[in-house]
Amino acid sequence: MKRRRLAVLVSGTGRNLRSLLDHIGDGRVRAEVVQVISNRPGVAALDIAQTAGIPQRVIDHHAYRDRAAFDALLAQTIDGAGADAVVLAGFMRILTGEFVQRYTGRMLNIHPSLLPLYRGLNTHQRALMDGQTEHGASVHFVTPELDGGPVIKQGRIRIRPDEHPEDLAERVFQQVEKPLYPEVIGWLASGRLELRQGRPHLDGEPICAPLLADFDAP
Ligand code: GRF
């Protein structure tokens, strides 16, 4: 089967991009990253793309008069690269409904919380402030509602007593996001994962409640 061609959208350190490339590199995910796009110049994610020999482009959102103009160039760049799916990997920019609709069922995001809890920012801190005992990350199809698309799979860890937000964020990334996101991207890339009538399906079976796995270190 032809390798699925992915465009990866980034804004920062690119750890999720790196993990995806590692999984592709050793054959755990069958896909090809054909374009990396950042809305911020000079970020580490661009260096990762450069080192991997992947075409990269900066579309600095400050240079565009409104979201629609920015998103139009984003879509043009994605389609111009011949990408057939879009992976948001630490992409810190709200997308227009029109853009999201164009990639319905072909665009994934990872969010560092057990959605629907803690949409938006500062998820780790908010979970700690609320006295939660568990936290994690969720991979979902992107819909116009911010962090509100149907969740495919979540990874959960136990919060440690007196844990600091930075430590929790690091553990959520290392233990959950790093393995979880490539796994789900791999499902999409292989055609096992589809969005039908707004509901994710894996191997033809509807995912009625998000798949949930514990990712605590042994
Ligand atoms: C992660 O917490 C991810 O869930 C969020 O951005 C962070 C990762 O950024 N959306 P990056 O992959 O290191 O750029």
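The shell of residues around the ligand divides into three nonpolar, five polar and two charged residues. This shell belongs to a predicted model. Its members are Gly12, Thr13, Gly14, Arg15, Asn16, Ala89, Gly90, Ile110, Pro112 and Glu177. Arg15 and Glu177 are in this shell, and both residue types count as charged. The space that the ligand takes is the largest pocket.

A polar side-chain atom of Glu177 lies 2.8 Å from a ligand oxygen. The backbone contributes as well. A polar backbone atom of Asn16 is 2.9 Å from an oxygen atom of the ligand. At Ile110, a polar backbone atom lies 3.4 Å from a nitrogen atom of the ligand. Taken alone, the ligand exposes 370 Å². The protein buries 86% of that area.

Backbone geometry was examined next. Most residues other than glycine have a negative phi, and most peptide bonds are trans. The peptide bond from Leu115 to Pro116 is cis. Its omega is near 10°. Pro116 sits in the loop between β5 (107-111) and α5 (123-129).

Two residues other than glycine have a positive phi: Asp147, with a value near 55°, and Gln197, with a value near 45°. Asp147 is placed in the loop between β6 (134-141) and β7 (151-158). Gln197 is found in the loop between β8 (193-196) and β9 (199-202). Their surroundings were then compared by accessibility. Asp147 has a relative accessible area of 11%, so this residue is buried; the cut-off for that class is under 20%. Gln197 has a relative accessibility of 85% and therefore counts as exposed, the cut-off there being over 50%.

Asp22 falls in the class between these two. This residue lies in helix α1, which spans residues 15-25. Asp22 counts as partly exposed because its relative accessibility is 43%. Asp22 was also placed relative to Leu74. The two residues are 52 apart in sequence. In space, Asp22 and Leu74 are 25 Å apart, C-alpha to C-alpha.

Note on methods: Residues are numbered from 1 along each chain as its sequence is written. This is a predicted model: local features need pLDDT of at least 70, side-chain atom pairs count only at pLDDT 80 or more; totals for chains, interfaces and linings use all residues. Side-chain values use heavy atoms; hydrogens and water are left out. Helices (H or I, at least four residues) and strands (E, at least two) are DSSP runs, numbered from the N terminus. Buried means under 20% relative accessible area, exposed over 50%, partly exposed in between (1.4 Å probe, protein chains only). A residue is near a molecule or strand if one of its heavy atoms lies within 4 Å of it. A polar contact is a pair of N or O atoms within 3.5 Å; within protein, one must be able to donate a hydrogen and the other to accept it, and residues adjacent in sequence count only if both atoms are side-chain atoms. Accessible areas come from the Shrake-Rupley method with a 1.4 Å probe; for residues, only the protein chains shown count as cover. On a 1 Å grid over the protein atoms alone, a cavity is a set of points where a 1.4 Å probe fits but cannot get out, and a pocket is an open set with protein on both sides within 12 Å along at least five of seven lines; lining residues have an atom within 4 Å of a point. A molecule sits in a cavity or pocket if more than half of its atoms lie within 2 Å of its grid points.
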